[in-house]
Amino acid sequence: HMEPLGDHLVAITARGVTPTVWWFHNAIETHGLFIIDTDDPAQPTLISSLDLPDLADMAKKDNLLHVVTYMGDLHVIDISNAYFPTLLHTMSGLGNAWKIIHVGDYAYVADALNGLVTIDMSDPLDPKIVSMTAEGVGVQDIWHYKGFIYAAVGVPGIAIFDLEDPELPMHVTNVSTGPSSVGVSAAKGVAWSANQEGVVAIDISDPYAPFEIATKDTPDWAMNVYGWHHTAYVGDWDFIHTYEIDPTLK
């Protein structure tokens with residue numbers, strides 16, 4: 001997983017494998033958090049690391065980095081000095097966390113065991129779990145768009161949650177995406193799903209009545225997707241493929 005930190009700095013987590021050596025030169029850890037300087041994109045440089053096991057996704061909030069783990073922890077890391085990141089606090093209680101996003105004073109976690117987990121972040125140094133939404137069990141990826149959470153929940157497809165009550169997301173509906181949905185993104189009234197075999201575009205102009213617009217098989221394994229305007233960038237195993245959709249065509 002990657003998270004931009006600003007000032008040409010990027011944080012990367014690795015789970016049990018050494019990151020590509022040509023990126024990090026002297027990196028010897030087999031897991032953990034790595035911060036690299038990309039001021040020279042051709043020669044990114046490792047500037048610091050933390051030896052922490054089983055790290056998954058992360059989200060930056062001011063000078064803090066909140067990192068979830070597949071083992072069910074949430075680490076609070078001070079990155080005010082990127083050359084010396086410091087672990088300040090660890091919250092347990094998650095199950096199998098894959099993704100974390102911040103929305104206001106709350107964070108939402110894609111937890112494959114516990115579903116969509118809501119965390120009170122009003123004190124970012126001391127996060128607290130406030131709810132778990134069972135309809136999100138199996139969730140691997142989440143995206144926030146205009147007051148709704150879109151969750152990739154495997155075979156059921158994309159689960160949609162209304163955040164009218166931010167502490168207790170309300171399950172609205174599921175949208176089938178064919179094969180197992182593992183990645184999700186949303187932009188310009190369209191939700192995108194990566195379902196391992198391809199990419200699916202879903203009309204979410206009315207989140208309570210979503211419908212599939214189109215689907216497209218990808219050459220390899222579509223594992224992640226990022227929507228921008230009417231374009232989707234799909235992480236397709238060894239490649240990034242770009243797909244566009246014209247919502248005016250029916």
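**Starting at Asp57**

Does Asp57 count as buried or exposed? At 5% relative accessibility, Asp57 counts as buried; here buried means under 20% relative accessible area, exposed over 50% and partly exposed in between, with a 1.4 Å probe and protein chains only.

A word on the ground rules. This is a predicted model, where local features need pLDDT of at least 70, side-chain atom pairs count only at pLDDT 80 or more, and totals for chains, interfaces and linings use all residues. Residues are numbered from 1 along each chain as its sequence is written, and side-chain values use heavy atoms, with hydrogens and water left out.

**Salt bridges**

There are 2 salt bridges in the structure, a salt bridge being a side-chain nitrogen of Lys or Arg within 4 Å of a carboxyl oxygen of Asp or Glu. Asp57 takes part in one of them, with its side chain meeting that of Lys99 at 3.9 Å, N to O. Lys99 sits in strand β9 and Asp57 in strand β5 (residues 55-61), so this pair ties together parts that are 42 residues apart in sequence. Strands (E, at least two residues) and helices (H or I, at least four) are DSSP runs, numbered from the N terminus.

Asp126 and Lys128 also meet through their side chains in a salt bridge, at 3.1 Å from N to O. Asp126 is partly exposed at 29% relative accessible area, and Lys128 counts as partly exposed at 47%.

**The nonpolar core**

The largest nonpolar core has 16 residues, and Val68, Leu74, Leu94, Ile100, Val109 and Ile119 touch the most other members. Such a core is a set of buried Ala, Val, Leu, Ile, Met, Phe, Trp, Tyr and Cys residues joined through side-chain atoms within 4.5 Å. At least two of the core residues come from each of β5, β6, β7, β9, β10 (106-111) and β11 (115-120).

Take Ile100 and its neighbours: leaving aside residues up to four places away in sequence, Ile100 touches Asp57, Met58, Ala59, His66, Val68, Leu74, Ala107, Tyr108 and Val109. Contact here means heavy atoms within 4.5 Å.

**Aromatic pairs**

A search of the whole structure turns up 3 aromatic pairs. Rings of Phe, Tyr and Trp (its six-membered ring) pair if their centres lie within 6.5 Å; planes under 30 degrees apart count as stacked, over 60 as edge-to-face and the rest as tilted. One of the pairs is Tyr70 with Trp98, edge-to-face at 5.4 Å centre to centre and 90 degrees between the planes. Tyr70 lies in the loop between β6 (64-69) and β7 (74-78), while Trp98 belongs to strand β9 (residues 97-103), so the pair ties together parts that are 28 residues apart in sequence. Tyr70 is buried, at 12% relative accessible area, whereas Trp98 is partly exposed at 27%.

Phe148 and Tyr208 make another edge-to-face pair, 6.1 Å centre to centre with 85 degrees between the planes. This pair links distant parts of the chain, 60 residues apart: Phe148 is in strand β14 (residues 148-152) and Tyr208 in the loop between β19 (196-203) and β20 (211-228). Phe148 counts as buried at 12% relative accessibility, and Tyr208 is partly exposed at 45%.

**The β9-β12 sheet**

Four strands make an open sheet in the order β9-β10-β11-β12, with antiparallel pairing. β9 and β12 (128-133) stand at the edges with a single partner strand each, so one side of each is left without a neighbour in the sheet. From one strand to the next, the twist averages 25 degrees; axes are lines fitted to C-alpha atoms (for helices over the stretch in contact), and angles run from 0 to 180 degrees between N-to-C directions.

β9 and β10 run antiparallel and are joined by 6 bridges; two strands pair if DSSP finds at least two bridges between them. Ala97 has Asp111 in β10 as its bridge partner.

**Around β18**

Strand β18 (residues 190-194) is mostly covered, with 5 of its 5 residues buried. In a regular strand the side chains alternate between the two faces of the sheet. Both faces of β18 are covered: Val190, Trp192 and Ala194 are buried on one side, and Ala191 and Ser193 on the other.

β17 (residues 183-187) pairs with β18 in the antiparallel sense over 5 bridges, and Gly183 has Ala194 as its bridge partner in β18. The hairpin of β17 and β18 has 2 residues between the strands, and Lys188 takes a positive phi near 55 degrees there. β18 is also joined to β19 by 5 bridges, again running antiparallel, with Val199 in β19 as the bridge partner of Ala194. β18 and β19 form a hairpin with 1 residue between them.
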